[in-house]
Amino acid sequence: MNDFDNLWACIVHVKKPGGDVVTVFVIDARRYADDQAARDVISEAGQFLDDRRVPAEFEYIQVRRDQPLPDLPTWEDYQRQTESVDGREAKP
Amino acid sequence: MADQDLDEYRASHPGRGPLFDTAPSEPNDLRPGESHKAAYLRVCKKQDAARRVGANPTDDEYSAVVEYCSRLRNAVAPRVWSEVSAIAGEVDGIASIRTKNTADVLDKVTRMSSGTSGRSSRAGYEVGDVVDAVGARVTVPDTEALERALVEVRSRFGTGPQSRVLELENMYAAPKPHNRAYRVVPLLISTEADGQPYTFELQLCTRRASIASDLEHNTIYKAYVESTPIQQTVVRRMQAEAAALDQQETRRRYK
């Protein structure tokens with residue numbers, strides 16, 4: 001998470017009612033044009049979860065350039081699926 | 001450990017070297033009656049209304065905490081990432097960090113205020129008391145690298161009253177009474193972002209202790225994963241063996 005590389009990923013875990021923790025999506029900084037673009041996506045995801053008052057943790061890990069990540073939905077998949085369930089569109 | 005339990009093993013095969021020296025007290029005590037941590041948190045709360053929010057916030061208070069957690073995510077986390085990645089790079093370690101969001105911070109405030117199983121309630125617990133809202137971990141290959149990580153941390157963050165180390169616990173030297181096999185060196189570090197003071201928790205641990213503590217945390221302490229009593233016994237034994245192996249490693253290095 002600095003201006004010199006994007007070899008990191010952010011894995012997001014949400015806490016369900018009752019306390020179970022579920023890993024819901026991953027933001028792979030390597031997919032984005034630069035570090036700031038990935039951080040903007042994290043900011044957007046943070047606001048999305050805050051709007052819904054969903055308890056969550058954002059975990060950042062170092063990754064190698066060719067390292068595969070756990071098979072998790074992307075942020076865009078998670079956002080689409082959540083909006084289709086709760087019927088709430090993202091704020092413009 | 002053969003047939004010994006961990007306490008018996010600790011007594012008969014004591015660890016050696018800096019990890020097993022008594023934890024230093026200078027980062028913890030600023031002056032008699034006030035810890036460095038307490039003094040710093042008092043300043044943080046005074047400067048930031050969001051950190052004085054308690055359980056059951058009003059809508060306005062909730063909005064203030066949203067803005068605070070957004071600062072943690074967007075301004076504090078990148079600084080912490082940069083610092084802990086640099087430490088990890090110096091000691092062959094792997095860095096990770098995590099940040100809590102608004103609802104998670106407030107969930108902790110509610111739990112701490114009302115008390116949870118095995119813990120008494122803490123009246124007046126506030127958002128600013130959630131010192132691990134940003135948490136970092138540097139996982140290193142072995143105890144030799146762990147010793148180097150501690151030296152690196154002291155070198156970067158200083159020692160004594162002006163140190164950025166607000167609190168340091170050494171569970172090699174002083175195991176926790178409620179989990180005597182938990183091996184980690186947790187520190188509370190002060191930091192700044194956009195001119196405001198913040199804290200983050202930094203855990204230094206060996207790879208084997210990290211795996212053992214994650215298994216214990218997720219099956220017994222928080223029980224995210226269901227397990228039988230027999231499986232829990234196995235997990236506890238694995239954690240004790242991981243602690244004993246770390247200890248044994250120091251005995252080989254310091255004859």
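With which residue does Arg53(A) form a salt bridge, and how far apart are the closest N and O atoms? Please set the answer in the context of the interface.

Mentor: The model is a predicted one. In it, Arg53(A) forms a salt bridge with Asp59(B), and the closest N and O atoms of the pair are 4.0 Å apart. The side of chain A that touches chain B draws at least two residues from each of strand E1 (8-15), helix H1 (35-51) and E3. By type, the residues on that side of chain A comprise 11 nonpolar, 5 polar and 6 charged.

The interface as a whole can be described as follows. Contact involves 22 residues of chain A and 24 residues of chain B. Between them the two chains bury about 2,100 Å², of which 48% is on carbon and sulfur atoms. There are 6 salt bridges across the interface of chain A and chain B, and 10 residue pairs are in polar contact there. Over all chains, the structure holds 32 salt bridges.

The side chains of Glu57(A) and Lys100(B) meet at 3.2 Å, N to O. Glu57(A) belongs to strand E3 (residues 56-62) of chain A and Lys100(B) to strand E3 (residues 94-100) of chain B, so this pair joins two chains. Since buried means under 20% relative accessible area, Glu57(A) counts as buried at 18%, and Lys100(B) is buried at 9%.

For a setting within one chain, consider Arg71(B). The side chain of Arg71(B) forms a salt bridge with that of Asp48(B), at 2.9 Å, N to O. Arg71(B) lies in helix H3 (residues 59-90) of chain B, and Asp48(B) in the loop between helix H2 (36-47) and H3, so the pair ties together parts that are 23 residues apart in sequence. Both Arg71(B) and Asp48(B) are buried. Arg71(B) also takes part in a salt bridge with Glu67(B), where the closest N and O atoms are 2.9 Å apart. Glu67(B) and Arg71(B) both lie in helix H3 of chain B, 4 residues apart, about one turn of the helix. Glu67(B) is partly exposed, at 41% relative accessible area, while Arg71(B) is buried at 14%. Elsewhere, salt bridges with shared partners link Lys15(A), Glu57(A), Arg98(B), Lys100(B), Asp104(B), Asp107(B) and Arg111(B) into one network.

Technical notes. Residues numbered from 1 in each chain as written. Chains lettered and ligands numbered in written order. Predicted model: local features only at pLDDT ≥ 70, side-chain atom pairs only at ≥ 80, totals over all residues. Heavy atoms only, no water. Buried < 20%, exposed > 50% of the residue type's maximum accessible area, 1.4 Å probe, protein only. Contact = heavy atoms within 4.5 Å. Buried area = accessible area lost by both parts, 1.4 Å probe. Polar contact = N/O pair within 3.5 Å; in protein donor to acceptor, adjacent residues only side chain to side chain. Nonpolar A, V, L, I, M, F, W, Y, C, P; charged D, E, K, R; others polar.
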